[in-house]
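Dear colleague,

Please find the structure below, handed over for your reference.

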Amino acid sequence: NTYRGLSQNGTVGDALSEVRESGYVDEYAIDFGGNIANTVMWGIGFGITDLSFNQTSAYSESMENAYIATADGTMTTGNAGFELTNYRNINGTGFNLKVGVIIKPINEFRIGVAVHTPTWYSLSSTSMADVSYSYFNPAAPEDRNNPLQGTEETDNLYYNFRMNAPWKFMVGAAAVIGN
């Protein structure tokens with residue numbers, strides 16, 4: 001019915017938080033283009049994407065003169081430490097289409113229009129966590145229950161999902177002044 005943390009009057013210690021991330025989004029493009037009488041230039045492209053994201057985040061504390069549990073379930077003062085680590089990995093692929101046209105009605109003026117469809121992704125995510133802990137009672141003899149320590153781990157969580165990037169519409173104009 002109640003919770004009491006590890007800290008009490010006189011508890012000292014250190015905490016550390018760390019996040020590591022890595023990943024990439026690569027796109028492989030298959031493109032075609034053409035030119036009609038040097039007046040209309042067109043292009044179409046099909047993109048295939050490859051995505052990977054990895055994240056590890058950890059939080060740990062190490063305390064002296066902490067309020068700790070003993071092997072028989074009673075509470076006492078001692079040294080405590082724990083580390084919680086979370087792992088996440090997202091992988092997947094996607095595809096998109098890009099179409100564009102540049103019209104040059106006269107040599108000194110150009111108008112361009114392009115449309116990029118969303119990138120449609122199919123992704124898989126995996127995550128898990130583990131926590132390791134150690135409680136040491138300096139007033140008790142050192143044995144298999146002192147320090148009281150262990151590691152607990154969650155099951156892997158898997159799920160698949162789809163994600164779409166936004167549409168892109170672009171219009172541009174250019175003019176040549178003088179030479």
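R162 lies in strand β7, which spans residues 157-164; helices (H or I, at least four residues) and strands (E, at least two) are DSSP runs, numbered from the N terminus. This is a predicted model, in which local features need pLDDT of at least 70 and side-chain atom pairs count only at pLDDT 80 or more, while totals for chains, interfaces and linings use all residues. Residues are numbered from 1 along each chain as its sequence is written, and side-chain values use heavy atoms, with hydrogens and water left out.

R162 has a relative accessible area of 69%, and is therefore exposed (buried means under 20% relative accessible area, exposed over 50%, partly exposed in between, with a 1.4 Å probe and protein chains only). Apart from neighbours within four places in sequence, R162 contacts Y121 and S122, contact meaning heavy atoms within 4.5 Å. Between R162 and N54 there are 108 residues of sequence separation and a C-alpha to C-alpha distance of 18 Å.

Strand β5 (residues 120-136) pairs with β6 in the antiparallel sense over six bridges; two strands pair if DSSP finds at least two bridges between them. One of the residues concerned is S132, whose bridge partner in β6 is T151.

The loop between β5 and β6 contains N137. With a relative accessible area of 11%, N137 is buried. Not counting residues up to four places away in sequence, N137 touches I68, T70, T76, T77 and N146.
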